[in-house]
Amino acid sequence: MANPRTEKAAPKPEKVAAVEDLERRLKGSSVVILTDYRGLTVQEIGALRGRLREVNVDYRVAKNTLLALAAKRCGLDHLSSLLTGPTAVAFGRDEPGVPARVLQEFIRQYRKLEIKGGVRGQEALRPEEVRALATLPSRAEMLARTLGVILSPLRALVTILNAPPRSLVQVLDALRARQEAREAAEVPAQAATSVDAPVQAATSVDAPAQAADPAVVETVPAATPAEGAPGGTGETDKNGQGNAGG
C-alpha cells in the first residue's frame, strides 16, 4: 500500500523539468537580470521578449520557489532575497551590458518595468549596478574605437603617399624647412655659450694685472741722464775739461 506522505512529497515531473531548465539557463548565462513586470500587459511583455530575443537574450517569467531552488543548486543563494513579487528573468549569454541596455530603454519608454537586481558570474548585482552595465560600450564599439586609433596614422600616411607628386614635394620641403629653422635657432644659443666662457676667463686674468701696475711704476728708478747731457757725469765744457759733477 502506497504511503500518502511519500506521494505528497514527491515533486511533479513538470516542476522538476522547470527547475532543471532554470538551472541550465543560470549556468549558461553571462549575466542574469531579475525584473518585476507588474503593470505590463501581455502585449508589452511580448514586445520586450522580442527585443531581447533579437540580441540573443531569453526573457522568462518564473515562479519564485522554482527559481530559488535552481539558484541554490547553482550556488546563487543570494538571489533568494530578490524573489519577492512577480519575477521575470533575462538570461544574457553574450555581453553583460546588452540586456541591461534593452531593459533600460524599455523602462524609459513604458515606465512600468522595475529591475530587482541580478548576478554576473557568481557576483550579485544591485539594481544600480545593473543600470551601470547599460552604460558600458558594447564589444563592437570597443573594437571600432581601437581600430580607429590604429588606422588613423595609417590613413594620414596613405593620404600623403596618394597625393600628387607636387603635393608630396611641398610637404617634404615644409618638413625640411622646419628642421633647418630649428637647427638654425639652436646654433646661436650654443655659440653664445661657448664665447661667454673665454670672455669671463679673460676678465678674471686681467684684473690682477691691472692691480699690479701701480706697484711696478713705483719700483722703477728714475732715469739717469744720458752721457753728454747737461748735468751728466761725462759732460765736457767748452774748454774740453770734464765736469766733476758739480
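This is a predicted model: local features need pLDDT of at least 70, side-chain atom pairs count only at pLDDT 80 or more; totals for chains, interfaces and linings use all residues.
Colleague: Let's start with Glu44: where is its place?
Modeller: Glu44 sits in helix H3. Residues are numbered from 1 along each chain as its sequence is written, and side-chain values use heavy atoms, with hydrogens and water left out.

Colleague: Thanks! Is Glu44 buried or exposed?
Modeller: Glu44 is buried, because its relative accessible area is 13%. The classes are buried under 20% relative accessible area, exposed over 50%, and partly exposed in between, with a 1.4 Å probe and protein chains only.

Colleague: And which residues is Glu44 in contact with, leaving aside neighbours within four places in sequence?
Modeller: Gly39, Phe106, Tyr110 and Lys112 are its partners once those neighbours are left aside. Contact here means heavy atoms within 4.5 Å.

Colleague: Tell me about Tyr110, then. Which helix is Tyr110 found in?
Modeller: Tyr110 belongs to helix H5, residues 97-110. Tyr110 counts as partly exposed because its relative accessibility is 24%. With neighbours within four places in sequence left aside, Tyr110 is in contact with Glu44 and Arg51.

Colleague: At what angle do the axes of H3 and H5 cross?
Modeller: Roughly 150°, and the axes of H3 (residues 42-54) and H5 come within 10 Å. Axes are lines fitted to C-alpha atoms, for helices over the stretch in contact, and angles run from 0 to 180 degrees between N-to-C directions. H3 and H5 are therefore roughly antiparallel to each other. As for cut-offs, under 35 degrees is roughly parallel, over 145 roughly antiparallel, 65 to 115 roughly perpendicular, and the rest oblique.

Colleague: Which residues of H3 meet which residues of H5?
Modeller: From H3 come Glu44, Leu48, Arg51 and Leu52, and they meet Pro99, Val102, Leu103, Phe106, Gln109 and Tyr110 in H5. By class, that contact has seven nonpolar residues, one polar and two charged. Nonpolar covers Ala, Val, Leu, Ile, Met, Phe, Trp, Tyr, Cys and Pro; charged covers Asp, Glu, Lys and Arg; the others, Gly among them, are polar.

Colleague: Switching to cores: how many residues has the largest nonpolar core?
Modeller: The largest nonpolar core has 21 residues, and those with the most contacts inside it are Ile33, Leu48, Leu52, Tyr59, Ala90, Leu103 and Leu113. A nonpolar core is a set of buried Ala, Val, Leu, Ile, Met, Phe, Trp, Tyr and Cys residues joined through side-chain atoms within 4.5 Å.

Colleague: Which elements give two or more residues to this core?
Modeller: Strands S1 (31-36), S2 (57-62) and S3 (87-92) do, along with H3, H5 and helix H6 (127-133). H5 supplies the largest share, five residues. Apart from this core lies another, of 18 residues, with Leu22, Val32, Ala62 and Ala71 among them.

Colleague: Back to helices. How far apart are the axes of H2 and H4?
Modeller: The axes of H2 (residues 13-27) and H4 (residues 64-73) are 8 Å apart, and the two helices pack at an angle of about 50°. H2 and H4 are therefore oblique to each other. Their contact has nine nonpolar residues, no polar ones and four charged.

Colleague: Last one: how many helices and strands does the protein chain have?
Modeller: Eight helices and five strands, and along the sequence they follow the pattern α-α-β-α-β-α-β-α-β-β-α-α-α. Of the 246 residues of the protein chain, 24% count as buried.

Terms used
Helices (H or I, at least four residues) and strands (E, at least two) are DSSP runs, numbered from the N terminus.
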